[in-house]
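Colleague: Please take a close look at the interface in this model, and then go through the parts on each side.

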Amino acid sequence: MTKPRVAFFDFSSCEGCQLQVVNLEEALLDVLALVDIVEFREAMKESSTEYDIAIIEGSITRPIDVERIKKIRERASILIAMGACAHLGGVQRMSNQWTGEENKAEVYKRHPGSETTKGDSNPYFAQPRHRAVDEIVKVDATIPGCPIDTAEFGRVLVALLQGKKLPIPDYPVCVECKKNENICVFETGGFCMGPIARAGCGAPCPTHGGECEACRGYVDHPHTQAHNEVLKKYGLTPEQIMNRKTMYTYRYVEEAKGGE
Amino acid sequence: MKILSKDNFHAFVDTLIQEGSMNIEGVKAKGEKFVFGPLDSAKELRLDYDVTILSPKKYFLPQFETMMAFDSTGVKKPAPAKKKVIIGVHPYDIMAIMQMDKYFFDTNVDDAYLEKRKNATIIGLIPKNVSEKAFFGNMSQLFDSQPELAYDLMLADLGDKFAVMVGSERGKALLEKAQNVAEATPEEAQKVQQLQKDVQQKATRNLKASPRGWHDLLAANYSSPVWKEQGDKCLGCGTCTLVCPTCFCYDVKDEVNLDLTSGARIRTWDGCLLRDFTKVAPGEIFREKIEDRYRHRFNRKGQYLPEMLGFVACVGCGRCSSQCIPDIADPVELFNKLAEGGMVPEGPAFELPIKADLAAIPDTTNLYIPRSATLKRVEKVTKTETFFEIQLDDGQPLGHQPGQFVEVSIMGIGEAPISVSSAPGGNTFEMVVRNVGDVTSKLHGLKAGDKIGIRGPFGTGFDFEALKGKNLLFVAGGLGIVPMRSLINQVLNNRADYGKVQILYGCKEPCELLFADEIKSWPDKGAEHLLTVDKCPEGECWEGNIGVVGTLVPKVQFVPQDTMAIVVGPPIFYRFVIADLKKIGVPEENIIVSLERRMKCGVGKCGHCQMNGIYVCKEGPVFNLADLKDIPEAF
């Protein structure tokens with residue numbers, strides 16, 4: 001059996017998900033026994049236009065990104081969206097809610113005394129629209145998370161090669177939090193997206209004293225109303241609730257608006 | 001009753017830890033809460049705790065548990081874990097363990113659970129502090145006297161010393177490792193009694209509906225608006241079931257290593273509040289509405305398990321209440337809400353639970369490891385269905401009844417419940433499988449000579465003895481013909497034993513018709529039949545009826561009161577066909593159906609196939625319609 005050829009491509013992102021793949025370390029050798037990696041900018045200098053599986057990191061932002069992702073799609077038989085940027089549009093997507101001028105002011109003119117005109121020459125502020133990969137081209141598999149979970153990367157790869165359904169759960173992070181015997185974030189005075197966020201990560205953030213920010217997106221049928229009531233009960237204002245929902249998941253806010 | 005100073009008790013625990021032959025687990029602090037965990041020193045023990053985040057259930061049914069490991073050489077059970085001592089288990093959690101014993105030892109002994117139970121020594125503790133939401137004091141009203149609890153040793157805190165009660169030979173032997181054990185004085189025994197009384201008092205809340213009446217209260221309130229009101233607030237996060245010491249449902253998943261050949265079959269906690277709990281491979285979800293799932297949890301605890309096993313599956317620990325963020329999981333508040341309707345039933349006392357005699361339960365059972373089998377014949381019969389003839393490698397016949405099913409196992413992929421399609425007898429058996437999920441899709445790629453795993457046969461099939469002498473009307477929709485064929489062939493092989501045999505069979509399109517060659521032989525074997533398709537696309541050839549299966553019913557002559565109708569098809573099909581049959585006067589008790597549910601374990605443990613109080617994998621999949629009258633979740 002010839003090994004499938006895999007290529008990694010990055011778009012608007014921090015490249016942290018690719019770094020997670022490099023972080024597989026010894027397990028990366030097992031991965032290399034299963035597939036041939038033909039392009040992986042973060043780990044090798046070779047590149048290729050011939051591949052079977054394209055793994056995409058990053059959101060699609062500029063017109064040239066759209067052209068590039070379409071070309072990659074044409075060449076790949078399987079296209080995987082890897083990480084929150086490719087899956088949802090990333091944290092950068094929250095800038096979609098403001099105009100180009102507002103974003104520019106936020107970045108370059110926010111702090112009195114250190115305003116600069118640097119941003120004025122940047123054409124992309126005019127139309128900052130970050131999108132997920134599946135809003136541009138067909139995506140065959142998604143590995144959610146910011147960053148991705150290395151174990152899940154392995155599970156997805158195995159499932160694809162075995163022809164199984166993707167092992168991405170459709171239950172909330174609370175399930176994994178409880179199995180870890182954590183004290184609920186709400187009980188410690190925090191606020192958590194866990195009750196509507198998709199599990200599969202093993203709840204590392206609440207387990208290590210953080211809050212779930214729903215970087216993996218929501219479950220298929222989130223109980224958003226009940227969750228909003230809980231956030232309210234624990235003291236968040238409607239504005240603060242909205243801030244929670246724009247960090248990683250502004251995509252859903254846009255989709256809900258579009259659906260109105 | 002013995003007495004041990006606290007210093008000597010700590011020395012005793014430290015001795016056990018230092019010996020190293022057993023894992024010593026006990027209650028420790030985690031932030032401002034408490035958990036059971038491994039002890040490095042007796043100093044870590046927090047025997048003043050009120051309640052732990054998770055119950056000791058995790059020691060017997062762990063969050064994640066390797067049921068078997070597999071590689072290219074075969075399948076292996078994991079080696080038994082090291083023996084454990086668990087220190088500080090409160091009586092309500094011991095009661096929960098006794099309920100688990102009953103559940104996992106009932107009918108089919110769960111060997112994975114049994115091994116862990118046999119390996120653990122339980123040191124109980126009468127609580128001093130009680131959590132705000134606990135109501136185990138109320139739950140003791142279930143019985144007329146105190147049940148005998150399944151502990152090895154039980155501690156009671158008397159200030160600078162512990163009173164120690166011995167509950168088993170194993171406990172007695174363990175206590176021999178302690179130094180300076182004295183006999184308790186009558187005053188000390190008196191103090192322990194007072195402590196027990198005080199704690200019952202502290203753990204009694206304002207519960208208006210006695211737990212003895214929960215069963216009837218739930219039965220009367222099945223359609224109460226309370227379920228929707230509460231369900232609207234529910235996050236569907238599963239917390240209440242996960243933290244519950246008497247929620248036993250689990251899922252099983254295969255995890256495969258990057259070599260694509262080795263891996264493990266893992267059992268992990270699941271919960272009926274989660275949306276995909278009842279989801280089957282074709283995508284159907286049988287309890288989709290959150291209010292139905294919310295109700296199911298209470299019904300299972302207060303109505304279904306009491307009917308099945310004789311206990312209310314709640315011990316009053318209060319974990320669900322204190323960990324539910326929208327604050328809707330509290331049984332006290334829920335039952336008080338239901339009691340507001342004015343009905344406060346008071347049932348008889350429950351039978352005292354019995355301590356399981358662990359030593360008497362043989363650990364020779366093997367509930368989950370599949371038997372190896374070989375595919376003898378593989379034939380693709382339609383675009384989506386393939387026929388398989390299978391032989392068990394141990395040479396034994398399957399020994400099934402018509403209508404039963406097996407769990408087909410492919411290591412690394414998983415298990416799927418599949419109906420047996422051949423009549424009983426013979427050294428091989430047959431299945432026809434639609435390609436809908438991971439296991440079935442893999443199965444479709446296999447060829448004669450390939451190996452699979454089989455567990456079963458499982459469930460209750462068609463009672464072909466009881467059908468003898470009767471007129472039979474078979475009504476099959478789509479894949480319903482597959483399990484039905486096992487009965488049809490049994491009847492036709494013994495044709496003289498039965499009255500009139502009429503078979504109505506319909507599928508969507510002519511290309512989906514199964515067993516076409518066999519159908520041709522039915523007239524010679526003494527069966528009348530009519531076929532139908534929902535539609536016949538252009539270019540395909542079809543001589544039979546066009547329309548849904550129900551349209552065939554008026555076309556055959558039979559006496560409704562004098563005919564047994566055997567009806568098998570997809571969920572939507574039942575609603576129509578059953579209504580058609582009832583309309584022309586077929587009595588309910590003359591209608592037999594076979595239902596599809598998520599039969600994950602096949603042995604009545606995992607909970608996924610439950611509809612109301614019935615485990616379809618055990619009591620079904622074949623049912624007499626009259627027995628489903630009070631099972632609204634059936635259709």
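How much area is buried between chain B and chain A, and what percentage of it do carbon and sulfur atoms give?

Modeller: About 3,300 Å² is buried between chain B and chain A, and carbon and sulfur atoms give 60% of that area. Buried area here is the accessible area (1.4 Å probe) that two parts lose on being put together, summed over both. The contact takes in 47 residues of chain B and 33 residues of chain A, where contact means heavy atoms within 4.5 Å. On the chain B side, B:L235, B:L258 and B:I325 supply 24% of the area buried against chain A, more than any other three residues.

This is a predicted model, in which local features need pLDDT of at least 70 and side-chain atom pairs count only at pLDDT 80 or more, while totals for chains, interfaces and linings use all residues. Residues are numbered from 1 along each chain as its sequence is written, chains are lettered from A and ligands numbered from 1 in the order in which they are written, and side-chain values use heavy atoms, with hydrogens and water left out.

Chain A divides into domain 1 (5–90 + 130–162), domain 2 (99–125) and domain 3 (173–258); the bounds come from an automatic or database domain assignment. The centres of domain 1 and domain 3 of chain A, taken over C-alpha atoms, are 26 Å apart. Contact between these two domains involves 13 residues of domain 1 of chain A and 10 residues of domain 3 of chain A. Together they bury about 970 Å², with 46% from carbon and sulfur atoms. A:L88, A:P144 and A:C146 lose the most area on the domain 1 side, together 44% of what that side buries.

In chain B, helix α13 (residues 331–339) is largely enclosed by the rest of the structure, because seven of its nine residues are buried. Buried means under 20% relative accessible area, exposed over 50%, and partly exposed in between (1.4 Å probe, protein chains only). Helices (H or I, at least four residues) and strands (E, at least two) are DSSP runs, numbered from the N terminus. The buried residues of α13(B) are B:P331, B:V332, B:L334, B:F335, B:N336, B:L338 and B:A339. Their cover includes α8 (214–220), α9 (226–233), α11 and α12 (319–323) of chain B.

B:T278 counts as buried because its relative accessibility is 3%. The side chain of B:T278 reaches the backbone nitrogen of B:R287 at 3.1 Å. Beyond neighbours within four places in sequence, the contacts of B:T278 are B:E284, B:I285, B:F286, B:R287, B:R598 and B:H608.

Further along chain B, B:V593 belongs to strand β24 (residues 591–594). B:V593 is buried, because its relative accessible area is 0%. Neighbours within four places aside, B:V593 is in contact with B:V567, B:Y574, B:I578, B:P621, B:V622, B:F623, B:L628 and B:F635. B:V593 and B:N624 are 31 residues apart in sequence, yet their C-alpha atoms are 6.4 Å apart.

Definitions and conventions. Polar contact = N/O pair within 3.5 Å; in protein donor to acceptor, adjacent residues only side chain to side chain.
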